[in-house]
Amino acid sequence: MTLTAVLVLAAGTYAFRLAGPLLRDRLTLSDRVKALMSTSATVLLFALVATSTLTKGQDFAGIALPVGVLVGGVAAWRGAPFVVVVVLAAATTAVLRLAGVG
């Protein structure tokens, strides 16, 4: 049963990935639709970051995690290497939790 589900999901994923190149020349999107799709992708990514930052299970994650993500975001915005961004965010969250901030 599990193998069947995995194979069906794999086939569906492959079909979605294949549809893009196959339909690229057949569909013409207006500039407004392209801009809307770009904006919606950004909004979806922001919602995912906000949800994973502010919640832990069903509860509020505390203030330490959002502050750590904010520090990491500022470091990424300033052009820091990825490893530095991750270490800064994790260290900020850990120090705040160690200090009892939550």
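Start by selecting P66, which sits in helix 3. Keep in mind that this is a predicted model.

**Stop 1: P66**

Is P66 buried or exposed? Its relative accessibility is 18%, and the cut-off for buried is under 20%, so P66 counts as buried. Now show what touches P66. Leaving aside neighbours within four places in sequence, P66 is in contact with T53 and L54. P66 and L45 are 21 residues apart along the chain. Their C-alpha atoms are separated by 16 Å.

**Stop 2: T53**

Move to T53, one of the contacts of P66. T53 has its place in helix 2. With a relative accessibility of 9%, T53 counts as buried. Which residues does T53 touch, not counting those up to four places away in sequence? They are A61, L65, P66 and V69. Now look at the side chain of T53. One of its polar atoms lies 2.6 Å from the backbone oxygen of V49.

**Stop 3: helix 2 against helix 3**

Zoom out and select residues 31-54, which form helix 2, and residues 64-77, which form helix 3. The axes of these two helices come within 8 Å. They cross at roughly 140°. Helix 2 and helix 3 are therefore oblique to each other.

Which residues make the contact? On helix 2, pick V49, S52, T53 and L54. On helix 3, pick L65, P66 and V69. Colour this set by class. The contact has five nonpolar residues and two polar ones. It has no charged residues.

**Stop 4**

A50 has a relative accessible area of 26%, so it is partly exposed. A50 and L70 are 20 residues apart in sequence. In space they are 11 Å apart, C-alpha to C-alpha.

Now select M37, which also lies in helix 2. M37 is partly exposed, with a relative accessible area of 48%. How many residues apart along the chain are M37 and T2? The count is 35. Their C-alpha atoms are separated by 34 Å.

**Stop 5: A11, in helix 1**

Go to helix 1, residues 2-23, and select A11, which has its place there. A11 is partly exposed, and its relative accessible area is 45%. A11 and S38 are 27 residues apart along the chain. A separation of 26 Å lies between their C-alpha atoms.

**Stop 6: T92, in helix 4**

Jump to T92, which lies in helix 4. What lies 2.7 Å from a polar atom of the T92 side chain? It is the backbone oxygen of L88. Next, show the contacts of T92, leaving aside its neighbours within four places in sequence. They are V67, G68 and V71.

**Last stop: colour by confidence**

Finally, colour the chain by pLDDT. The mean for the chain is 91. In all, 100% of its residues reach 70 or more. Which element has the lowest mean pLDDT? Select residues 55-56: this is strand 1, with a mean of 84. Now select residues 82-98. This is helix 4, and its mean of 96 is the highest among the elements of the chain. Why check these colours at all? Where pLDDT is low, the predicted coordinates should not be read in detail.

Terms used: Residues are numbered from 1 along each chain as its sequence is written. This is a predicted model: local features need pLDDT of at least 70, side-chain atom pairs count only at pLDDT 80 or more; totals for chains, interfaces and linings use all residues. Side-chain values use heavy atoms; hydrogens and water are left out. Axes are lines fitted to C-alpha atoms, for helices over the stretch in contact, and angles run from 0 to 180 degrees between N-to-C directions. Helices (H or I, at least four residues) and strands (E, at least two) are DSSP runs, numbered from the N terminus. Angles under 35 degrees count as roughly parallel, over 145 as roughly antiparallel, 65 to 115 as roughly perpendicular and the rest as oblique. Contact means heavy atoms within 4.5 Å. Ala, Val, Leu, Ile, Met, Phe, Trp, Tyr, Cys and Pro count as nonpolar, Asp, Glu, Lys and Arg as charged, and the others, Gly among them, as polar. pLDDT is the predictor's confidence in each residue, from 0 to 100. Buried means under 20% relative accessible area, exposed over 50%, partly exposed in between (1.4 Å probe, protein chains only). A polar contact is a pair of N or O atoms within 3.5 Å; within protein, one must be able to donate a hydrogen and the other to accept it, and residues adjacent in sequence count only if both atoms are side-chain atoms.
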